[in-house]
Amino acid sequence: MRYLTFALAKGRLAKKTLALLEQIGITCEEMKDPDTRKLIFVNEELKMKFFLSKATDVPTYVEYGAADIGVVGKDTILEEGRNLYEVMDLGFGKCRMCVCGPASARELLKKNEIIRVASKYPVIAKDYFNNRKHQTVEIIKLNGSVELAPIVGLSEVIVDIVETGSTLRENGLEVLEEVCPLSARMVVNQVSLKMENERIHKLLEDLNRLIKEENK
Ligand SMILES: Nc1ncnc2c1ncn2[C@@H]1O[C@H](COP(=O)(O)OP(=O)(O)OP(=O)(O)O)[C@@H](O)[C@H]1O
Ligand SMILES: O=P(O)(O)OC[C@H]1O[C@H](OP(=O)(O)OP(=O)(O)O)[C@H](O)[C@@H]1O
C-alpha cells in the first residue's frame, strides 16, 4: 500500500487539525513534540505521512501531488487559486474576509470614488472589487498588520480577516462590507482522489460523522 501524505497548515489551524485527525484515529505522536526540528512524520501502521508547512504553501503541495490531502483556510485556497478539489468544510478556524476601514470610508465606497485597498490577499481583494465594475481600485499588497494602512494613510480601506473584531476596534476601524465567510477546509489532489478513492472516502466519511456528532 502506498503512503497517503497530508500537508497541514502550521500556525493557528495546526492544533485543531491534529486534534480532529486524532479523533478519527489518525495520530502521529512524534509530531506533537514542540522541540522537534523534523519536517516529515510517518505512521507506519496507517501508511500515512504528515508534514506541516506554511499555510500558503499547502495548496501548492496538494496541486503537484507532493501531498494527497491538505488542511488549510478557505482564504488561502481562494488566494492561491490552485487546481485541487475542496472536499470538506471542517468547521473550525471560522472568521470572515471583510472590507474594513474608518467609518468615513463608507461614503467613498458608496460614491464609487477611486480607492486604495491594502491587503495580504490581493487576489481576493481584486476579485471582489472587479465584480463592481463601477469602482476603480488600486490594490496594495502588504504582509501583515494590515490595519495600519488606513491609519497611516497608505490606503482608504483594507481587505482582511476579522474574527472577534478586537483588532479593528482597538484601531478605530470597522467592518464596512463582508466579502465571504471562512473556515478550515480539506483539499485533495485531483489524481489522488481517483487513485486513492477508497481510503480518501473512508477518511471523509469518518470526518463527516464526527463533525455531525459534534454539531448535535
Ligand atoms: N483571527 C484570525 N486571523 C487570521 N487568520 C485566522 C483567524 N482565525 C482563523 N484564521 C485562519 O487561520 C489561518 C491563518 O493562520 P496563521 O495566523 O497561522 O497564518 P498567517 O498569520 O496568515 O501566517 P503568517 O504569520 O505566516 O503570515 C488563516 O488562513 C485563516 O483561515
Ligand atoms: O478580529 P480579530 O480577532 O482581531 O482577528 C483578526 C486579526 O488577526 C489577524 O492578524 P494576525 O494576528 O494573523 O497578524 P497579521 O496581521 O500580522 O497577519 C488578521 O489579519 C487580523 O488582523
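Modeller: Before we start, domain bounds here come from an automatic or database domain assignment. Please keep in mind too that this is a predicted model.

Colleague: Thanks! Which domains does the assignment give for the chain?

Modeller: Two parts are named: domain 1 (4–93 + 183–214) and domain 2 (95–181). Their centres, taken over C-alpha atoms, are separated by 30 Å. Six residues from domain 1 and seven residues from domain 2 make up the contact. On the side of domain 1 that touches domain 2, the residues divide into one nonpolar, three polar and two charged.

Colleague: Let's turn to helix H9. How does its reach compare with what is expected at 1.5 Å a residue?

Modeller: Helix H9 (residues 197–214) has 18 residues, and from its first C-alpha to its last it reaches 26 Å. The expected span is 1.5 Å times one less than the number of residues, which for H9 comes to 26 Å, so the reach is close to the expected value.

Colleague: Which residues of H9 are called buried, and why?

Modeller: They are Ile200, Leu203 and Leu207. A residue is called buried if 20 or more other C-beta atoms lie within 10 Å of its own, so each of these three meets that cut-off.

Colleague: Why do the buried residues of H9 line one face?

Modeller: Looking down the axis of H9, you find its buried residues within an arc of 60°, so they line one face of the helix.

Colleague: What covers the buried residues of H9?

Modeller: The cover includes strand S5 (85–89), strand S11 (184–188) and helix H8 (190–195).

Colleague: Which residues are exposed on the other side of H9?

Modeller: Among them are Asn197, Glu198, His201, Lys202 and Glu205. Asn208, Arg209, Lys212 and Glu213 are exposed there as well.

How values were computed. Residues numbered from 1 in each chain as written. Chains lettered and ligands numbered in written order. Predicted model: local features only at pLDDT ≥ 70, side-chain atom pairs only at ≥ 80, totals over all residues. Helix = DSSP H or I, 4+ residues; strand = E, 2+ residues; numbered from the N terminus. Buried ≥ 20, exposed ≤ 12 C-beta atoms within 10 Å, placed from the backbone. Arc of directions from axis to C-beta. Contact = placed C-beta atoms within 7 Å. Nonpolar A, V, L, I, M, F, W, Y, C, P; charged D, E, K, R; others polar.
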